[in-house]
Amino acid sequence: MIGINIFYLSLAFIAGMVLGLFNFGTLWLTIQHLPRMRRPELFTLSSFFLRTGITLFGFYLVMGGRWERLLGSLCGFIVARIFLTRRLRSERKKLPPT
């Protein structure tokens, strides 16, 4: 093997997908709750910093000092974004027009 362990790279990819699902899922929930908030700007900012902090910390843990794992987890993160975007877009088309 050339120094890249496929097992750990696969785990990093899966962890990146989990981080992406968390990040973009909570972003979607934040947007859904905005109309009911008294101070939507405060809610949006606090959600942003909390999501970003947890996601970056997750990337740091997954990376473990290896750029290959970071790259694998970023790929998983992007795959999760594409999956959620397509999934939520198809659900939105099913809703009756307002």
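Four aromatic pairs occur in this structure. Rings of Phe, Tyr and Trp (its six-membered ring) pair if their centres lie within 6.5 Å; planes under 30 degrees apart are stacked, over 60 edge-to-face, the rest tilted. One of the pairs joins Phe7 and Tyr8, edge-to-face, with 5.5 Å between centres and 65° between planes. Ring pairs also link Phe24, Phe59 and Phe77 into a cluster.

This is a predicted model, in which local features need pLDDT of at least 70 and side-chain atom pairs count only at pLDDT 80 or more, while totals for chains, interfaces and linings use all residues. Residues are numbered from 1 along each chain as its sequence is written, and side-chain values use heavy atoms, with hydrogens and water left out.

**Fold and surface**

The chain has three helices and zero strands. Helices (H or I, at least four residues) and strands (E, at least two) are DSSP runs, numbered from the N terminus. Along the sequence the pattern reads α-α-α.

Of the 98 residues, 19% count as buried. Buried means under 20% relative accessible area, exposed over 50%, and partly exposed in between (1.4 Å probe, protein chains only). The accessible surface of the chain is about 7600 Å², and 71% of this belongs to carbon and sulfur atoms. Areas come from the Shrake-Rupley method with a 1.4 Å probe; for residues, only the protein chains shown count as cover.

Among contacts in the chain with a separation of 6 or more, 75% come from residues 24 or more positions apart. Contact means heavy atoms within 4.5 Å.

Tyr8 is partly exposed, at 41% relative accessible area. Arg69 lies over the face of the Tyr8 ring, 5.1 Å from its centre. A charge sits over a ring if NZ of Lys or CZ of Arg is within 6 Å of the ring centre and within 35 degrees of the ring normal.

Tyr8 also belongs to a nonpolar surface patch of about 490 Å², made with Phe7, Leu11, Ile14 and Val18. Patches are made of residues with over 30% relative accessible area and no salt bridge; like charges are joined within 9 Å, nonpolar side chains (Val, Leu, Ile, Met, Phe, Trp, Tyr) within 5 Å.

**Salt bridges**

The count is two salt bridges. Each needs a side-chain nitrogen of Lys or Arg within 4 Å of a carboxyl oxygen of Asp or Glu.

| Salt bridge | N to O distance |
|---|---|
| Arg39 and Glu41 | 3.4 Å |
| Arg66 and Glu68 | 3.3 Å |

Arg39 is exposed, at 51% relative accessibility, while Glu41 is partly exposed, at 45%. Arg66 is partly exposed, at 35%. Glu68 is buried, with a relative accessible area of 14%.

At 0% relative accessibility, Ser73 is buried. Leaving out residues up to four places away in sequence, Ser73 touches Ala12, Phe13, Gly16, Phe59 and Val62. Phe59 is also part of the ring cluster with Phe24 and Phe77.

Pro40 is partly exposed, at 29% relative accessibility. Thr30 is ten residues from Pro40 in sequence, and their C-alpha atoms are 9.5 Å apart in space.
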